[in-house]
Amino acid sequence: MNETVDPDQIEVAHPATTTPAPQRPAPKGHRWGRLALALALAAVVVVGWQYVENIAPSNNQGGRPSGPPPQTVRAAPAFKGDMPVTIDSLGAVTPFATVTIKTQIAGKLMQVGFKEGQMVKEGDFLIQIDPRPYEAALALAQAQLAKDTALHQQAQADLARFETLNKQDSIARQQVEDQVFLVAQDKAAMDSDQANIDTAKLNIAYCHIVSPINGRIGLRLVDPGNYVQPSDASGLVVITEIDPISVVFSTPEDNLPAITARLNSGATLAATAFDRANVKQIATGTLTTFDNQVDVTTGTFKLRATFANPNGVLFPNQFVNVRLLVDTISGAVLAPNAAVQLGANGSFVYVVNENSTVSVRQVTTGPSDAQNTVIASGLAVGENVVIDGVDRLRDGAKVSVRNNANAAAQTPPTGSGAGQGQHRHRRDGQAPGGAATPANGSQ
């Protein structure tokens with residue numbers, strides 16, 4: 001039977017109201033793990049962003065470049081040429097002969113036959129001293145010789161007569177022997193008189209003073225009318241040989257083997273004299289010889305070079321710079337001096353690559369001159385090296401080469417090198433592969 005149930009009579013059962021149990025806090029290790037996970041995700045995002053920025057094109061349409069622009073530099077190629085090996089030194093012009101004219105007799109200075117600064121030749125008349133006292137002594141010696149000659153002739157005649165009488169037993173033998181000794185005495189007196197005559201003639205010759213060498217007269221030290229004598233310390237005048245003339249200079253003993261080897265092979269080493277500023281060439285000559293010992297106080301030895309000096313451009317005791325050409329390296333690889341840098345690992349250059357980047361290249365250098373340096377190893381002929389703008393370069397940096405028509409580094413050496421010293425352009429704080437730090441500390 002179906003019963004109708006009144007909805008109002010239906011009791012709805014409600015669940016009992018219960019208090020929820022308190023939740024336990026999460027462990028501390030789980031919090032650190034979530035933090036680490038968040039940091040790792042952030043790092044991945046940053047790395048991914050940098051990667052996208054690096055591979056993105058530098059210039060977007062209507063955008064800005066994403067990296068620094070290429071650095072503008074100047075470059076020059078390494079080339080093959082000849083490098084003179086030279087030695088530079090400071091020297092002094094030294095004449096081969098310097099003569100102080102002094103009187104060898106005492107007397108009054110009568111005449112001066114030269115002008116100050118005059119060029120004279122050997123045998124030219126210079127000074128006349130009063131010869132009259134010595135002429136009188138000559139006349140006296142000649143008279144004495146005549147007297148002693150007559151006595152000697154008389155003694156010889158007596159000796160001949162005594163020898164005849166002795167053969168006849170008319171005189172004693174002792175008288176003959178005495179006469180022999182008398183003849184010998186007269187002969188000795190004649191020899192003494194002749195010596196006096198020669199002395200007087202020599203003194204007369206000393207009164208007429210001539211130049212002993214070719215050279216230049218200095219300033220007159222004694223005027224006519226003065227009484228001069230051999231004890232005068234200053235002398236009368238000084239003559240200095242001018243042409244040819246020599247230059248004496250010193251160089252370290254390390255250069256001795258190379259110089260000796262070249263001279264022993266028969267080579268003639270050219271020497272060039274420059275002024276004190278080492279700019280103007282004065283004269284050219286050849287190395288003549290060098291000293292026989294090394295100066296232990298300085299570790300150097302002296303050399304002498306001979307120069308023709310017809311115009312007197314080299315003056316005695318003048319200081320000059322001497323450049324001695326020891327040898328010439330033929331067919332060497334040369335690079336401009338400005339390209340060679342000095343770093344912690346030695347000399348290096350920045351080589352310009354085909355992709356407009358630079359690479360650091362360690363090189364071994366040799367002799368250099370005022371423009372170029374010999375690259376013994378590490379660089380090939382034709383490779384471009386940076387000669388200007390190296391201050392902020394680093395290995396792999398992008399560059400833009402902008403050369404001008406006056407790139408002096410592209411010219412071969414002229415042959416007048418500045419010496420064996422290596423030209424190095426050191427950049428403080430710069431090393432191969434690293435960027436240079438400017439002097440003011442700015443980046």
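Q: Is L35 buried or exposed, or does its relative accessible area place it in between?
A: The structure is a predicted model. The class in between, partly exposed, lies between the cut-offs of 20% and 50% relative accessible area. L35 is partly exposed, because its relative accessible area is 43%. The residue belongs to helix α1, which spans residues 28-55.

Q: Which residues make a nonpolar surface patch, and of what area?
A: Residues qualify for a patch with over 30% relative accessible area and no salt bridge. Here W32, L35 and L39 form a nonpolar surface patch of about 360 Å².

Q: To which strand is β13 joined by antiparallel bridges, with residues 300-307?
A: That strand is β14, which runs antiparallel to β13 and is joined to it by five bridges.

Q: What is the order of strands in the open sheet of four strands?
A: The order is β7-β6-β4-β9, and the pairing is antiparallel. The edge strands are β7 (208-210) and β9 (227-228); each has a single partner strand, so one side of each lacks a neighbour in the sheet.

Q: How many bridges pair β6 with β7?
A: Three bridges link β7 to strand β6 (residues 125-129) in the antiparallel sense. F125 has V210 as its bridge partner in β7. Helix α3 (residues 173-207) packs on this sheet, where it touches β6 and β7, and its direction makes about 55° with that of β7.

Q: Which residue takes a positive phi in the hairpin of β17 and β18?
A: The residue is S356, with a positive phi near 60°, in a hairpin that has five residues between the strands. Strand β17 (residues 346-352) pairs with strand β18 (residues 358-362) over five bridges in the antiparallel sense. In this pairing, F348 is opposite Q362 of β18.

Q: Is V390 buried or exposed?
A: A residue is called buried under 20% relative accessible area. V390 counts as buried, because its relative accessibility is 2%. Its place is the loop between β21 (384-388) and β22 (399-401).

Q: How far apart are the C-alpha atoms of V390 and Q71?
A: The C-alpha atoms of V390 and Q71 are separated by 9.4 Å, although these residues are 319 residues apart along the chain.

Q: How many salt bridges does the structure hold?
A: A salt bridge requires a side-chain nitrogen of Lys or Arg within 4 Å of a carboxyl oxygen of Asp or Glu. The structure holds eight salt bridges. One of them joins R323 and D88, with the closest N and O atoms 3.1 Å apart. R323 lies in strand β15 (residues 319-336) and D88 in strand β2 (residues 79-94), so this pair ties together parts that are 235 residues apart in sequence. As for accessibility, R323 is buried at 11%, whereas D88 is partly exposed at 33%.

Q: By about how many helical turns are D158 and R161 separated in helix α2?
A: About one helical turn separates them, because D158 and R161 are three residues apart in helix α2 (residues 132-167). Their side chains form a salt bridge with an N to O distance of 2.4 Å. D158 counts as buried at 17% relative accessibility, while R161 counts as partly exposed at 46%.

Conventions. Residues are numbered from 1 along each chain as its sequence is written. This is a predicted model: local features need pLDDT of at least 70, side-chain atom pairs count only at pLDDT 80 or more; totals for chains, interfaces and linings use all residues. Side-chain values use heavy atoms; hydrogens and water are left out. Patches are made of residues with over 30% relative accessible area and no salt bridge: like charges are joined within 9 Å, nonpolar side chains (Val, Leu, Ile, Met, Phe, Trp, Tyr) within 5 Å. Accessible areas come from the Shrake-Rupley method with a 1.4 Å probe; for residues, only the protein chains shown count as cover. Helices (H or I, at least four residues) and strands (E, at least two) are DSSP runs, numbered from the N terminus. Buried means under 20% relative accessible area, exposed over 50%, partly exposed in between (1.4 Å probe, protein chains only). Two strands pair if DSSP finds at least two bridges between them. Contact means heavy atoms within 4.5 Å. Axes are lines fitted to C-alpha atoms, for helices over the stretch in contact, and angles run from 0 to 180 degrees between N-to-C directions.
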